[in-house]
Amino acid sequence: KFLYDIGVVSTPEPYAKRTSHGMILGENGEKMSKSRGNVVNPDDIIEQFGADTLRLYEMFLGPLEAHKPWDTQGIDGVYKFLRKFWRLFLNGEEFSVSDEVPTKEELKVLHKTLKKIEFDIENFSFNTSIPAFMICTNELAALKCNKRAILEPLVVAIAPYAPHIAEELWHLLGHAESVTGATFPQWEEKYLVEDSFEYPVSFNGKVRFKLNMPLTATQAEIEAAVKASPEAGKWLEGKEIRKMIIVPKKIVNVVIA
């Protein structure tokens with residue numbers, strides 16, 4: 001205020017926005033205190049699960065400004081996530097990453113995650129970043145992705161949240177310097193543009209399978225693809241198609257008799 005009054009700085013406050021953080025309460029919903037017997041010793045949590053698990057779990061509990069009750073049982077889920085994230089870099093028990101060019105699906109998973117994390121950091125929404133990392137890890141595991149071009153940016157992105165595991169992985173990836181000096185990866189919109197849609201295909205109102213089609217596909221092309229699909233065979237066998245209702249970018253419903 002003094003510096004503003006004498007004209008040295010242009011704003012009366014030293015920050016653009018102030019956010020007051022909430023408290024982590026005991027499991028009974030009351031403020032932690034020895035007299036209430038609801039104190040959780042962070043040293044015990046760190047010894048059992050590691051410091052990164054504790055950090056992530058505290059962020060995962062809820063919005064920064066909210067009061068959040070501690071739930072010891074819930075911490076195991078965060079611990080399992082970190083172990084699954086680590087396994088993305090392994091082939092069996094050996095550390096192994098590939099220099100292959102990533103697929104379109106893998107790039108989409110990465111850039112979708114980076115976009116979400118960037119937004120969350122700028123808005124102090126750390127509790128929603130953790131599920132984003134979890135979803136990303138599950139999707140990459142399903143794609144069996146171990147490509148450096150995907151995993152290395154993820155290590156940088158997760159470093160502010162789980163610095164210990166990130167630092168270890170960063171060095172295993174061949175870097176001599178600390179991950180804290182790495183430039184935060186930038187997401188690109190071109191990898192997020194949808195060029196296809198997965199249609200739920202229903203027979204008499206019941207979804208039986210899904211069919212991926214280009215967004216440019218005509219209704220005639222979609223109808224032909226449904227009829228030619230192997231999954232449709234058992235539902236069409238001995239039946240007559242009375243009508244096929246196609247709602248673009250929503251659903252296909254085949255009326256049979």
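**A tour from one loop to another**

Begin by selecting Lys144, which lies in the loop between H6 and H7, where helices (H or I, at least four residues) and strands (E, at least two) are DSSP runs, numbered from the N terminus. This is a predicted model, in which local features need pLDDT of at least 70 and side-chain atom pairs count only at pLDDT 80 or more, while totals for chains, interfaces and linings use all residues. Residues are numbered from 1 along each chain as its sequence is written, and side-chain values use heavy atoms, with hydrogens and water left out.

Lys144 is not a glycine, and yet its phi is positive, at about 55 degrees. Most residues other than glycine have a negative phi. Is Lys144 buried or exposed? Lys144 is exposed, with a relative accessible area of 73%; buried means under 20% relative accessible area, exposed over 50%, and partly exposed in between (1.4 Å probe, protein chains only).

Next, select residues 126-142, which form helix H6. This helix has 17 residues and reaches 25 Å from its first C-alpha to its last, close to the 24 Å expected at 1.5 Å a residue, the expected span being 1.5 Å times one less than the number of residues. Now colour the buried residues of H6, which are Asn127, Ser129, Ile130, Ala132, Phe133, Met134, Cys136, Thr137 and Leu140. An α-helix has 3.6 residues a turn, so residues three or four places apart point the same way. Which helices do the buried residues of H6 pack against? Show helix H3 (51-60), helix H4 (75-87), helix H5 (104-122) and helix H7 (148-158), since these are the helices that the buried residues of H6 pack against, with contact meaning heavy atoms within 4.5 Å.

Then move to Asn204, which is found in the loop between strand E5 (196-203) and strand E6 (206-214). Asn204 is not a glycine either, and has a positive phi of about 55 degrees. At 45% relative accessibility, Asn204 counts as partly exposed.

Finally, zoom out to the protein, which has ten helices and eight strands. Its C-alpha atoms fill a box of roughly 80 × 50 × 45 Å, taken along the principal axes. The radius of gyration is 25 Å, whereas a compact globule of 257 residues would have one near 18 Å; this radius is taken over C-alpha atoms, and the globule rule is 2.2 Å times the number of residues to the power 0.38. Of the 257 residues, 33% count as buried.
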